[in-house]
Amino acid sequence: MNTITIEKTAKRFKLMLILAVLMMLGSVIWMACIRSNAQLTNESPDYAPACVLLASGVVMWLIAKVAIWWHHG
(Lines give C-alpha, C1' and ligand atoms only; values in the text may rest on other atoms or scores of the structure.)
Protein backbone atom coordinates (compact mmCIF):
# COMPACT_ATOMS: atom_id res chain seq x y z
CA MET A 1 0.00 0.00 0.00
CA ASN A 2 1.28 3.48 -0.90
CA THR A 3 1.62 6.14 1.73
CA ILE A 4 0.59 9.73 1.16
CA THR A 5 2.97 12.40 2.37
CA ILE A 6 1.44 15.69 3.47
CA GLU A 7 3.60 18.76 3.71
CA LYS A 8 3.00 20.26 7.13
CA THR A 9 4.71 23.62 6.72
CA ALA A 10 2.26 26.40 7.54
CA LYS A 11 1.59 29.14 5.02
CA ARG A 12 2.86 31.80 7.42
CA PHE A 13 6.29 30.16 7.50
CA LYS A 14 6.34 29.80 3.72
CA LEU A 15 5.43 33.47 3.43
CA MET A 16 8.30 34.36 5.78
CA LEU A 17 10.71 32.34 3.64
CA ILE A 18 9.48 33.97 0.43
CA LEU A 19 9.75 37.46 1.92
CA ALA A 20 13.24 36.72 3.24
CA VAL A 21 14.45 35.50 -0.14
CA LEU A 22 12.90 38.51 -1.88
CA MET A 23 14.62 40.82 0.61
CA MET A 24 17.97 39.15 -0.03
CA LEU A 25 17.57 39.19 -3.81
CA GLY A 26 16.36 42.78 -3.74
CA SER A 27 19.35 43.87 -1.69
CA VAL A 28 21.79 42.18 -4.08
CA ILE A 29 20.12 43.88 -7.05
CA TRP A 30 20.16 47.17 -5.13
CA MET A 31 23.89 46.77 -4.46
CA ALA A 32 24.52 46.13 -8.15
CA CYS A 33 22.60 49.29 -9.04
CA ILE A 34 24.52 51.30 -6.45
CA ARG A 35 27.81 50.00 -7.84
CA SER A 36 26.96 50.77 -11.46
CA ASN A 37 25.67 54.23 -10.55
CA ALA A 38 28.83 54.95 -8.53
CA GLN A 39 30.98 53.94 -11.51
CA LEU A 40 29.06 56.29 -13.79
CA THR A 41 29.26 59.26 -11.43
CA ASN A 42 32.72 58.57 -9.96
CA GLU A 43 31.31 58.72 -6.43
CA SER A 44 32.02 56.38 -3.58
CA PRO A 45 29.17 53.87 -3.20
CA ASP A 46 27.11 53.72 0.00
CA TYR A 47 26.11 50.10 0.49
CA ALA A 48 24.88 50.48 4.09
CA PRO A 49 21.09 50.49 3.42
CA ALA A 50 21.37 47.52 1.08
CA CYS A 51 23.54 45.64 3.60
CA VAL A 52 20.95 46.26 6.32
CA LEU A 53 18.26 44.85 4.02
CA LEU A 54 20.44 41.83 3.22
CA ALA A 55 21.16 41.18 6.90
CA SER A 56 17.45 41.53 7.73
CA GLY A 57 16.60 39.02 5.02
CA VAL A 58 19.16 36.54 6.33
CA VAL A 59 17.86 36.91 9.89
CA MET A 60 14.25 36.49 8.74
CA TRP A 61 15.20 33.40 6.73
CA LEU A 62 16.97 31.86 9.74
CA ILE A 63 14.03 32.63 12.04
CA ALA A 64 11.61 31.05 9.55
CA LYS A 65 13.77 27.93 9.23
CA VAL A 66 14.02 27.55 13.01
CA ALA A 67 10.27 28.13 13.39
CA ILE A 68 9.54 25.47 10.79
CA TRP A 69 11.85 23.05 12.55
CA TRP A 70 10.41 23.92 15.97
CA HIS A 71 6.77 23.53 15.00
CA HIS A 72 7.06 20.66 12.54
CA GLY A 73 10.12 18.75 13.70
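Predicted model: local features only at pLDDT ≥ 70, side-chain atom pairs only at ≥ 80, totals over all residues.

Colleague: How many disulfides does the count come to?
Modeller: The count comes to zero disulfides, taking a disulfide as a pair of cysteine sulfur atoms within 2.5 Å.

Colleague: And is Cys 33 exposed, partly exposed or buried?
Modeller: Cys 33 is partly exposed at 44% relative accessibility, and Cys 51 is partly exposed too, at 37%; buried means under 20% relative accessible area, exposed over 50%, and partly exposed in between, with a 1.4 Å probe and protein chains only.

Colleague: New topic: which residues form the nonpolar patch on the surface?
Modeller: Val 21, Leu 25, Val 58, Trp 61 and Leu 62 form it, with about 400 Å² of accessible area together. Helix H1 (11–41) and helix H2 (48–72) each give two or more residues to the patch, and H2 has the largest share, with three.

Colleague: Where is Val 21 found?
Modeller: Val 21 is found in helix H1, and it is partly exposed, with a relative accessible area of 35%.

Colleague: What about the phi of Asn 42?
Modeller: Asn 42 has a positive phi of about 55° although it is not a glycine, whereas most residues other than glycine have a negative phi. Asn 42 lies in the loop between H1 and H2 and is exposed, with a relative accessible area of 71%.

Methods. Residues numbered from 1 in each chain as written. Heavy atoms only, no water. Patch = residues over 30% accessible without salt bridge, like charges linked within 9 Å, V, L, I, M, F, W, Y side chains within 5 Å. Areas by Shrake-Rupley, 256 points an atom, 1.4 Å probe, with all protein chains shown as cover. Salt bridge = Lys/Arg side-chain N within 4 Å of Asp/Glu carboxyl O. Helix = DSSP H or I, 4+ residues; strand = E, 2+ residues; numbered from the N terminus.
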